Structures are given as C-alpha cells and as structure tokens.
Amino acid sequence: MKLPDRIILHVLHMPLRFPFETSFGRVTQQETILVEAEWDGLSGWGEVPASAQPHYSSETVVTAAYVIRDFLAPALFASQIKTPASCPALFGRVRGHAMAKAGLETALWDLEARRRGVPVARLYGATRKFIESGVSLGIDPMGLLMKRVEDFAARGYRRIKLKIKPGWDERPLAEARKRLPADFPLTADANAAYAPSDSSHLKRLDRFHLDYLEQPLGHEDLADHAALAKQLRTPICLDESITTPDLARNAVRMKACRVVNIKPSRVGGPTMAIEIHDFCRKAGIPVWCGGLLESGVGRLHNIAIAGLPGFTKPGDISGSDRYYSPDVIDEPVAVSADGTIALRNRPGIGADVRADVLRRRRVERIVLKKRGR
Ligand code: OSB
Ligand code: MG
C-alpha cells in the first residue's frame with residue numbers, strides 16, 4: 001500500500017427520510033464522518049458512523065474526529081505499514097475508539113483497492129456475488145410500523161427486525177407475525193434495554209419463533225446473557241457486547257450467544273471484523289453484518305465484508321433509500337426484487353462520492369497532513 005499524502009475528515013449531517021427510534025432514543029438526522037485518504041490524486045473513502053450522542057457506544061463524531069486528528073492520523077503518517085491490515089496493531093496503543101479506527105482503516109482499504117484497480121470486496125476476501133438484505137424497523141406507532149413490515153416483506157427483504165423495549169415487545173411482535181409467512185425470519189433488538197430480572201418476561205417472546213433476540217441485556221454483561229440463554233428457546237445474538245475479537249471468543253466460550261452481529265465499525269474496522277468472522281466460522285457460530293445508519297460509503301464497505309462466507313444470515317444492510325435521499329454516493333445501494341444486493345465489480349467500494357451532496361451536507365472539513373508537509 002501507499003501511505004496517504006493527506007487525510008480529510010468530512011463531517012456530515014445527513015437528514016433521515018424517517019425518524020429512527022430505538023430503546024435509547026429517537027434520531028431524525030445522522031451525523032457521520034467521511035474519511036478521505038488521498039494519494040497521488042486518488043481518493044479512498046471510509047466512514048465513521050458514530051452519530052451525535054454517545055448512546056449506542058461511547059463514541060460520537062466529535063470524539064472520533066479528535067482521536068483521528070491527534071492520535072491515529074499522526075501514527076499512520078509516522079508509520080511504514082505495508083497493508084491496511086496492520087492498522088489494528090498500529091492503532092493498538094489507543095484504547096477503544098473503534099469507530100474512529102474503522103473509519104481510517106476503511107479509507108485505506110478503498111484507496112488500496114482503487115490503486116490496484118480491484119473491488120475492495122476482493123481484498124476483504126469476499127466469496128459471494130450477492131448478499132441477502134434485511135431491514136431494522138424502529139419504534140413507531142403500530143399502524144405505521146405494520147405498514148412498513150408489509151412493505152419491506154413485499155419488496156423481497158429476507159429478514160425483518162423490530163426494535164423492542166420494555167412495554168413495546170409482545171404486541172408489535174404478535175402483530176408482525178400475523179402479517180408474515182410463518183417461516184419468515186423475524187428478529188427483535190432490545191439494544192440492552194432489559195435487566196436480568198426480566199428473564200421470565202423475555203421467555204414469553206419464545207412463542208414468536210424469532211430467529212434470534214439481539215442484545216437483550218447490558219453491553220458489559222456476558223454472564224447474565226449466558227444465564228438468560230439457558231432459559232430461552234430463542235437464540236441470543238450479541239451486538240453491543242462484542243467490541244473486540246477477545247470479547248467474541250469469550251462470549252462464545254461462555255455460551256452467552258449463539259449468533260454474532262458483526263458491525264465492522266463497532267469492532268475497530270474490517271481487519272478485526274474478519275478476525276471475528278474467521279473465529280465464529282470455525283466455532284460454528286453464524287454471523288451477520290449489522291449497520292449504524294451508514295451513508296453509502298460505509299454501506300458499501302459493509303456489503304463487501306458481508307460477502308465473506310461466514311455471513312450466513314441476512315444482515316441489517318438495506319438499500320440507500322431506507323434512510324437517505326439522496327445518498328452521498330453516485331450509484332445508491334439498491335435491493336433487487338429477490339431481496340439481494342449485488343457486490344460491485346468496479347474498483348474500490350464501487351461508487352464515487354457525489355461532490356454536490358458532500359458540499360450540501362457537510363458542516364466541517366478537517367485537513368490532516370504529515371508534519372512538515
Ligand atoms: O442496534 O443494530 C443496532 C442503528 C443504530 C444503532 C444501533 C443499531 C441500529 C440498527 C439499524 O438497528 C441498522 C441499520 O439499518 O443501519
Ligand atoms: Mg443491535
């Protein structure tokens with residue numbers, strides 16, 4: 001690889017087409033950072049889908065911009081790494097800040113793929129030509145939510161996930177089940193909203209035959225997830241708890257989950273995501289690719305990674321039009337009538353960033369260079 005001459009952070013405010021509500025809050029606009037790594041007139045693009053508030057994770061766009069500017073970019077400029085796969089080792093002295101690390105690493109992978117003229121999916125080791133698309137539906141009034149359930153099922157989406165929280169679980173799941181074919185993959189995501197003492201209530205969700213229940217308990221609570229798993233027929237999938245390969249190994253060994261949601265941004269970038277994928281594949285644990293309301297840039301990286309063979313369940317990768325119009329890429333992500341998304345054959349992530357959308361949505365631009373340049 002070539003080290004970039006410059007790194008530019010584009011902080012964007014992307015209005016959502018519809019408000020998105022989870023157990024931890026409602027958002028109408030996604031704040032994100034596009035990371036542009038420049039080398040010899042070429043640009044590689046990555047994304048830090050951190051959002052404005054430290055609710056899903058401890059990071060925000062502000063902490064990520066700070067960590068990239070003051071720690072990660074200087075470490076990169078001072079390094080002689082030969083591949084973006086060395087980023088986790090290079091950034092290892094910075095504890096946490098997974099999304100900041102992932103944003104920079106994804107930009108370097110895209111730059112490297114464009115420089116070599118190959119799709120970034122090939123560098124990640126993707127073997128699929130298509131991935132199966134699923135959708136995550138936020139908390140909304142029942143009528144509107146059920147219209148969405150019917151709409152996304154009719155559009156071919158392969159799996160529907162409902163956001164749940166105490167007081168909003170059995171009713172929407174029962175209503176959704178009524179509207180879907182009996183074997184349609186339905187899941188629920190609590191975003192850590194329940195307590196270990198809710199186990200008998202959560203057992204009531206077994207009757208909906210969910211493909212899995214995502215992150216019912218606290219993000220640092222593996223032992224209680226393991227105890228809950230013993231009581232439920234529904235498999236538990238962990239999201240927030242799995243921030244490193246070590247935690248993935250520990251969670252699986254403790255039987256805290258039977259399914260893993262891999263979000264490349266949550267685990268520190270593609271290299272770490274692939275390490276978790278490889279471990280889970282050997283351990284017989286199915287994985288799927290989660291999302292964080294990414295713009296087209298992060299979405300295309302996720303699609304490329306979801307092309308690896310262990311991603312055997314439909315993920316939270318929907319079309320660009322689920323959240324954004326226009327998206328920031330020139331060829332938005334589209335879901336076919338059969339609910340799949342094709343991996344791209346063009347170099348890099350397979351799309352270019354639209355200068356007009358970038359300018360319209362950008363609230364800040366931060367240019368980083370090697371010192372002395
Ligand atoms: O828990 O998976 C989650 C969005 C923001 C924060 C957390 C989550 C989500 C989603 C949406 O479920 C995933 C997506 O469509 O990008
Ligand atoms: Mg989740």
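I began with D40, which is found in the loop between strand 2 (25-39) and strand 3 (42-48); helices (H or I, at least four residues) and strands (E, at least two) are DSSP runs, numbered from the N terminus. Its phi is near 50°, a positive value in a residue other than glycine.

This is a predicted model, in which local features need pLDDT of at least 70 and side-chain atom pairs count only at pLDDT 80 or more, while totals for chains, interfaces and linings use all residues. Residues are numbered from 1 along each chain as written, chains are lettered from A and ligands numbered from 1 in the order written, and side-chain values use heavy atoms, without hydrogens and water.

I next looked up P326, in the loop between helix 11 (296-305) and strand 12 (340-342). A cis peptide bond joins S325 and P326, with omega about 0°. Most residues other than glycine have a negative phi, and most peptide bonds are trans.

I then listed what surrounds ligand 1: 16 residues, the closest being S136, N191, K263, L293 and Y323 (a heavy atom within 4 Å counts as near). I checked polar contacts, meaning pairs of N or O atoms within 3.5 Å. A polar side-chain atom of K163 lies 2.9 Å from an oxygen atom of ligand 1. For a side-chain N or O atom of D189, the distance to an oxygen atom of ligand 1 is 2.9 Å. L292 has a backbone N or O atom 3.3 Å from a ligand 1 oxygen atom.

D189 lies in strand 7 (residues 186-189) and E214 in strand 8 (residues 213-214), so the pair ties together parts 25 residues apart in sequence.

Conventions: Polar contact = N/O pair within 3.5 Å; in protein donor to acceptor, adjacent residues only side chain to side chain.
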